[in-house]
Amino acid sequence: MQSLFRQALRIISAVVMTFTLMAYACPLVNPATFTWLAFFGTAFPWLLLFNIVLGIWWGWRGNRFALYHFGIILLGWQFVSGFIGFDFGRDTVPESAITIATHNIGEIFKEKKITDEINEKRASAYARYLEENGNPDVLCTQETTGKFYRVLAEKMGYTHTFNLKKGTVILSRYPIEAGGDIPFGKTANSTLWADVRIDGKLIRLYNVHLQSNKVTQTTEKVIGKGELDEEETWHDIGYVLDKVGNATEIRAEQAQRLFEHIAACKYPVVICGDFNDTPNSFVYALLSDGLSDTFREKGLGLGTTFAGVLPMLRIDYVLTEKSFTTYSCRVGRDSNFSDHYPVFVSLGF
């Protein structure tokens, strides 16, 4: 019986390591070519956990499979550092630093009907939260209503705002001298750019919201109530996989357009927003090419930014030119305002 158990674990270990290697290949392959491969990249946090648990188990048993699992982890260390921050330093943030935050606040209103009173109440609560968590000089929000951001801007002293009525908003205490969007066609998602003058220096700020999967409710249904022996459950699973696959392809196309726009920019850039993709993705690899990931620079602990039903997903980012200095990067652990966690970054220009 023990021999059968060990054999089953060897098979599981081999499968986990194979899937992990496939996750490592995801950033290299456009999902338009192999859509299914992207699922392994999304699953990387759980594959990492399985590798750690199995590695410890085999190590306790004195089996060479422990070396295989920990070797796989070391081989993909660049991906591990995309999910887990290892900056244990306590760098002083100078007064001259600029704080930038990004937050998808699509779930900030729990009520079905948004009244002026509710709008005022939620804006006041959110403003207090921001003031207690770095009081950002520039705030990039996604899935934002027009009434809400105007009230928030007044409360936070954001005298400059930019929005093209698609929910993606840039709020700033510094002058915005120009702005526009990246054409994504017929979709509710959007990406804005704004040229912001900060202490005499002009930078190009991108607020990104790439194609949403739009499967949260179905995923919660499958995880919460799904029974594998029911036909409806498998129908829901197929629906989720199909929707996510299609959204992954669309995001790759959107990222290509954004990458071309960034390449043509003559100003230093900062990219904020909700990519709806993890660090083990083609989209992240494309958009972060040549830039610094502020979480990799100054993050500590798990970088989870999605507070929804699927745990351990990091899909919200602040990327900068390498000439910028990252003094701190922190994910705000408060899900009372959204199914995303905000990211706060202090930068030197």
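Colleague: What makes Val196 count as buried or exposed in this structure?

Modeller: The model is a predicted one, and in it Val196 has a relative accessible area of 1%. Buried means under 20%, so Val196 is called buried. The residue lies in strand β7, which covers residues 191-198.

Colleague: Which residues is Val196 in contact with, once its neighbours within four places in sequence are left aside?

Modeller: Val196 is in contact with Ser172, Tyr174, Pro175 and Ile176, and also with Lys201, Leu202, Ile203 and Leu205. Gly179 stands 17 residues away from Val196 along the chain, and the C-alpha atoms of these two residues are separated by 9.0 Å.

Colleague: Which residues have the most contacts inside the largest nonpolar core?

Modeller: That core has 24 residues, and those with the most contacts inside it are Ile100, Ile170, Val196, Leu205, Val270 and Cys272. The elements that give two or more residues to this core are β2, β3, β7, β8, β9, β13 and β14, and β7 gives the most, with four residues. In soluble globular proteins, nonpolar side chains tend to be buried together. Cys272, for its part, touches Ile100, Thr102, Cys140, Leu205, Tyr206, Asn207, Val208, Tyr317 and Val318, not counting residues up to four places away in sequence.

Colleague: How do you know that the side chains of Arg197 and Glu177 meet in a salt bridge?

Modeller: The N to O distance for Arg197 and Glu177 is 2.9 Å, and the cut-off for a salt bridge is 4 Å between such atoms, so the pair qualifies. The pair links distant parts of the chain, with Arg197 in strand β7 and Glu177 in strand β6, 20 residues apart. The structure holds ten salt bridges.

Colleague: What makes Arg257 and Glu253 a salt bridge, and where do they lie?

Modeller: Their closest N and O atoms are 3.1 Å apart, which is within the 4 Å cut-off, so the two form a salt bridge. Arg257 and Glu253 both lie in helix α9, four residues apart, about one turn of the helix. Arg257 has a relative accessible area of 35% and is partly exposed, as is Glu253, with 45%.

Colleague: What about Arg314 and Asp293: are they buried or exposed?

Modeller: Both Arg314 and Asp293 are buried. Arg314 forms a salt bridge with Asp293, the closest N and O atoms being 2.7 Å apart. This pair links distant parts of the chain, for Arg314 is in the loop between β11 and β12 while Asp293 is in strand β10, 21 residues apart. Asp293, Arg296 and Arg314 are linked in a network of salt bridges.

Colleague: Turning to the rings, how many aromatic pairs are there, and why is the pair of Tyr126 and Phe337 called edge-to-face?

Modeller: The count comes to 21 aromatic pairs. The rings of Tyr126 and Phe337 have their centres 5.2 Å apart, and their planes lie at 65 degrees; planes over 60 degrees apart count as edge-to-face, so the pair takes that name. Tyr126 is in helix α6 and Phe337 is in the loop between β13 and β14, 211 residues apart. Tyr126 is at 0% relative accessibility and counts as buried, and Phe337, with 6%, is buried as well.

Colleague: Which residue does Arg204 lie over, and at what distance from the ring centre?

Modeller: Arg204 lies over the face of Trp193, at 4.1 Å from the ring centre. The charged end of Arg333 sits over the ring of Tyr341, 5.1 Å from its centre.

Notes. Residues are numbered from 1 along each chain as its sequence is written. This is a predicted model: local features need pLDDT of at least 70, side-chain atom pairs count only at pLDDT 80 or more; totals for chains, interfaces and linings use all residues. Side-chain values use heavy atoms; hydrogens and water are left out. Buried means under 20% relative accessible area, exposed over 50%, partly exposed in between (1.4 Å probe, protein chains only). Contact means heavy atoms within 4.5 Å. A nonpolar core is a set of buried Ala, Val, Leu, Ile, Met, Phe, Trp, Tyr and Cys residues joined through side-chain atoms within 4.5 Å. Rings of Phe, Tyr and Trp (its six-membered ring) pair if their centres lie within 6.5 Å; planes under 30 degrees apart count as stacked, over 60 as edge-to-face and the rest as tilted. A charge sits over a ring if NZ of Lys or CZ of Arg is within 6 Å of the ring centre and within 35 degrees of the ring normal.
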